[in-house]
Amino acid sequence: MLAQTPPDAPAAVPGSPPGAIPGPRELRSVVFRREREAAWRELEDLIAAADKRGLRTLGAEQLARLPHLYRAALSSLSVARSISLDRALTDYLENLVGRAYFVVYGTRQHLRRQLAEFFLWQLPSRVRRARWHILAAAIVMLAAAIAAFQLTSADMDYYYVFAGDMAQGRTPASSTSELRDGLYHLESGSGMLATFAASLFSHNARIGILAFATGFVAGLPTLLLLFYNGLVLGGFAALYHARGLAVDLWAWMLPHGVTELTAVVLCGAAGLQLAQALVFPGARTRMDSLRDHGRAAALIVVGAVIMLFIAGLIEGVFRQTVTSVPIRFAVAGTTAVWWIYYFGFVGRGRDRAEAAGPARGIQPEPRATGELLPQRSGAMEVAR
Amino acid sequence: MRNVASNMAAVAAQRGNEDAKLIREIVTPEGIPLRFSLARAGDRAAAFLLDMVLQIIVLVVISWGLSSAAGGEASWLTAVIVVLAFLLVNFYFAVFEVRWQGATPGKRRIGIRVIDARGGQLETSAVLARNLIRELEVWMPLRFLLAGGLVWPEAPGWARLCAGAWTFVFLFMPVFNKDRLRIGDMIAGTRVVMQPRIVLVPDLADQAAEAPYYARAGAPVAAGHAFSDAQLGIYGIYELQVLEGVLRTRPGDPAQLEVLRTVSEKVRAKIRYEGKVVDDERFLREFYAAQRAHLEQKLLFGQRREDKFSK
């Protein structure tokens, strides 16, 4: 109704003659600012403290004031937008409320609880959900291993093609006893062992992360990495099998290999998940699909990096100090049983609870909807 | 001089347009849209470089500290440093962004932060996803470019060219899309926005707050300038806020006086102001206050006059 007042009509301001401009002191925006400024400054100090030293350092009373002050500032912002033309003021409020928003609605979970949630539910659950990708990654690696095994068994020259880089002096030219010694060799200095384990870990983990990241390039490099890994494995196996060292080789490889190979397959599966989200987004937009699968895959990769660290410890320390074949196999079996249990069963109850109804904490899922916004092009992610 | 002033206005308008393209909105649960401006590529690069320098410093200091503590004897030293370097390179960003609500030391210094694209909580998984991808975006091409000889000795020219193109495509990805997304941001569903600390400056229309400037000018405050409704009906909100910007620029700087004089002459000619003007700054301030009062008054009645061209 007010909007239809003709522009020429005298503005009916109480206490001022028609046509006269109210003095600056009576400007509504000036009075408005004077009344509320103290609360804004208090909020500003609170967020500055929270930013600098963490939310935890705020006292109980301050914590209780925070949402109150935030809502007050938010309402100030919306009033300022409609009555004030002071650019400095609206910019300030926009900035203040934006910063307060992330303090008020930011993650409040304790690190210990986050870690517990990660290990007891998120990681095994995400792995279970990626089972088909894991299967695909495992098949690619196994197929490469079998092919390389067959080829190398038929013609030892292939060994140099498949496992040349990783040979470290273990080639078809070595004698059988040299190869056997390599499997039971004990390092003397513990320092060398630690360095060896550490470099193995960082090398493997980097390759694993890369296998995930290259999923973004439609997953082809991911598949290549898996395939290449399988070739090395097959070539190695063929050499030792040909010399009658099959049992010794597996006893040497499996204690850490179970964990390491599983981790490699998991990284590959994460990369494939990413690739699928990118190439076949399904009914959703590519961005939405990438976002969901990317986050899930990243959790799997972090799990795999931790597994590689464990594998590095086994490889660098255990394997170099224990030579008994039965014990080596016992350890390999134990790790296999553990990972099957962990990824197969941990957190299943939570899975079911989530499926029944997502009962999560208070989580803002504000959506930018087109009609709410004054400038349509500014919508960040219009709910699709 | 007038040409310069109008050119400046044109540049400012264009600049504003450019800025508007970078504005994104999030609607809070309370139903109020908040505006955020996406971070510029230069700011992000600067923050990244700062973080890199910090990582190197941390690594050097810790290595040096450990080796001097161990007396160069401990054999586990290399192992610790290798693992540390790996963790630092791959999890430095992730740990800070989780603990500091989307900021790292470099980002905080520059005044930018990572947010969830939909305005929800910044999940740990999102932070991990956007940072693990750096292996593909930065480290791999960098390693190849800097130490290509180790990865692939005697690489042919085309391989180097490919590596260069790869680096270029991934590193400059944020420049090529409208949301300024790095691949990591696409995968994680995150955005990087500017969030510097803006301080509240005095209101130009509040007489009590602006007193110091008059004192500096040494002009008598007694006789004010008066403007008629017709004179105040010429300009709109856009011009008002440009004037605000001019008045807030370097107050008290002698060089600014020249700008103020030019603007004041331009305004007087436009609104046909007949009265005598002694102090240009004072005239502009009073015009600003009157103009704002006028426009805000109209605003209350639902008439929003955007600029001098609107009806």
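Which residue in E4(B) is the bridge partner of B:Ser37? The partner is B:Met194.

This is a predicted model: local features need pLDDT of at least 70, side-chain atom pairs count only at pLDDT 80 or more, and totals for chains, interfaces and linings use all residues. Residues are numbered from 1 along each chain as its sequence is written, chains are lettered from A and ligands numbered from 1 in the order written, and side-chain values use heavy atoms, without hydrogens and water.

**The sheet in chain B**

Strands E1, E2, E4 and E3 of chain B, in that order, form an open sheet with antiparallel pairing. Strands (E, at least two residues) and helices (H or I, at least four) are DSSP runs, numbered from the N terminus. Two strands pair if DSSP finds at least two bridges between them. Strand E1 (23–27) and strand E3 (112–116) are the edges, each pairing on one side only. Neighbouring strands are turned by 50° against each other on average, direction ignored; axes are lines fitted to C-alpha atoms, and angles run from 0 to 180 degrees between N-to-C directions. Strand E2 (residues 33–38) pairs with strand E4 (residues 190–194) over two bridges, in the antiparallel sense.

**Salt bridges**

A salt bridge puts a side-chain nitrogen of Lys or Arg within 4 Å of a carboxyl oxygen of Asp or Glu. Nine cross the interface of chain B and chain A. Two examples follow.

| B:Arg191 | B:Asp179 | 3.7 Å |

B:Arg191 lies in strand E4, and B:Asp179 in the loop between helix H8 (173–176) and helix H9 (183–188) of chain B, twelve residues apart.

**The interface**

Contact (heavy atoms within 4.5 Å) takes 92 residues from chain B and 98 residues from chain A. The area buried between the chains is about 8,600 Å², with 62% from carbon and sulfur atoms. Buried area is the accessible area (1.4 Å probe) that two parts lose on being put together, summed over both. B:Arg118, B:Gln121 and B:Leu200 supply 10% of the area that chain B buries against chain A, more than any other three residues.
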